[in-house]
Every structure is written in C-alpha cells, then in structure tokens.
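User: Can you walk me through this model? I'd like the charged pairs, then the core.

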Amino acid sequence: MGGRGAGEALRAYRAVLRATRKSFVGDTVMLKESAAEVRKKFEENRHVTADSEMQRLLEEAREASHFISTMIVQAKLSSRGGYEVKLGEEHAGATLETPEEILKTSI
C-alpha cells in the first residue's frame with residue numbers, strides 16, 4: 001500500500017492495537033498474542049493495491065477496533081473465587097457472553 005493507503009493502514013493498525021491494549025490491560029499473554037495476530041493480519045494484506053480492496057480491509061479493521069473495544073471485557077478472579085466483570089460506558093448495550101472454559105472452572 002503506497003501513499004495515502006499506507007497512512008490509513010497504519011492508523012487502522014494502531015487503532016486495533018490500542019483497542020487490544022485497553023481490553024486486555026494487565027494480561028501479558030493476551031496482549032502479546034493479540035498484537036501478534038493483528039500484525040499477522042495486516043502483513044497478510046500488505047500486497048493489496050486495489051483501492052476497493054483496501055477500503056474493505058480498512059473497514060474490517062475499524063469494525064475490529066470497535067468490536068474489541070465494546071464487546072470484549074476481561075473477567076478477573078475475585079478473592080471469593082468467582083469472576084468479576086467491570087463494564088465501562090463503551091460497553092453500554094452489549095450482550096455479555098461467558099466462554100465455557102470460565103464457566104467450567106468457576107463451578
């Protein structure tokens with residue numbers, strides 16, 4: 001991606017990374033793995049030059065940033081042995097779904 005497309009891609013890349021850093025704060029493993037996955041996805045599409053394809057990929061990146069920021073919340077193990085979730089304003093209207101692995105370990 002040259003010129004303007006490269007700048008837009010870099011902004012989208014940084015936005016997705018910011019979203020992961022905010023959503024996975026304090027979780028070193030998830031921060032590292034999510035950053036590697038984001039980089040991989042962007043690297044896979046480095047060769048794209050068609051404007052329509054770039055715009056589609058940039059829209060997907062914007063949607064990913066939004067999804068990560070608003071639909072993913074970390075549950076933390078409390079001193080009582082259960083999991084606690086703290087929702088922020090950005091999560092208003094989101095539906096909470098709990099992964100089965102967490103349910104199994106908390107029962």
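**Salt bridges and core**

Analyst: Arginine 39 and glutamate 43 both sit in helix 2, four residues apart, about one turn of the helix. Helices (H or I, at least four residues) and strands (E, at least two) are DSSP runs, numbered from the N terminus. This is a predicted model: local features need pLDDT of at least 70, side-chain atom pairs count only at pLDDT 80 or more, and totals for chains, interfaces and linings use all residues. Residues are numbered from 1 along each chain as its sequence is written, and side-chain values use heavy atoms, with hydrogens and water left out.

User: What do arginine 39 and glutamate 43 form, and how far apart are the closest N and O atoms?

Analyst: They form a salt bridge, with the closest N and O atoms 3.6 Å apart. The term means a side-chain nitrogen of Lys or Arg within 4 Å of a carboxyl oxygen of Asp or Glu.

User: Which residues are linked with them in a network?

Analyst: Arg39, Glu43 and Arg46 make up a network of salt bridges.

User: How many salt bridges does the structure hold?

Analyst: Six. Among them is lysine 41 with glutamate 37, at 3.9 Å. Another joins glutamate 59 and arginine 62 at 3.2 Å; both lie in helix 3, three residues apart.

User: Switching to helix 3. Why does its length make sense?

Analyst: Its 21 residues (51-71) should span 30 Å at 1.5 Å a residue, so the 29 Å between its end C-alpha atoms agrees. The expected span is 1.5 Å times one less than the number of residues.

User: And which residues of helix 3 are buried?

Analyst: Met54, Leu57, Leu58, Ala61, Ser65, Ile68 and Thr70.

User: Which residues make the largest nonpolar core?

Analyst: Ten: Ala9, Ala12, Tyr13, Val16, Leu17, Ala19, Val38, Leu58, Ala61 and Ile68. Helix 1 (3-23) gives the largest share, six residues. Such a core is a set of buried Ala, Val, Leu, Ile, Met, Phe, Trp, Tyr and Cys residues joined through side-chain atoms within 4.5 Å.

User: What does leucine 58 touch?

Analyst: Glu8, Ala9 and Ala12, leaving out residues up to four places away in sequence. Contact means heavy atoms within 4.5 Å.

Notes:
Buried < 20%, exposed > 50% of the residue type's maximum accessible area, 1.4 Å probe, protein only.
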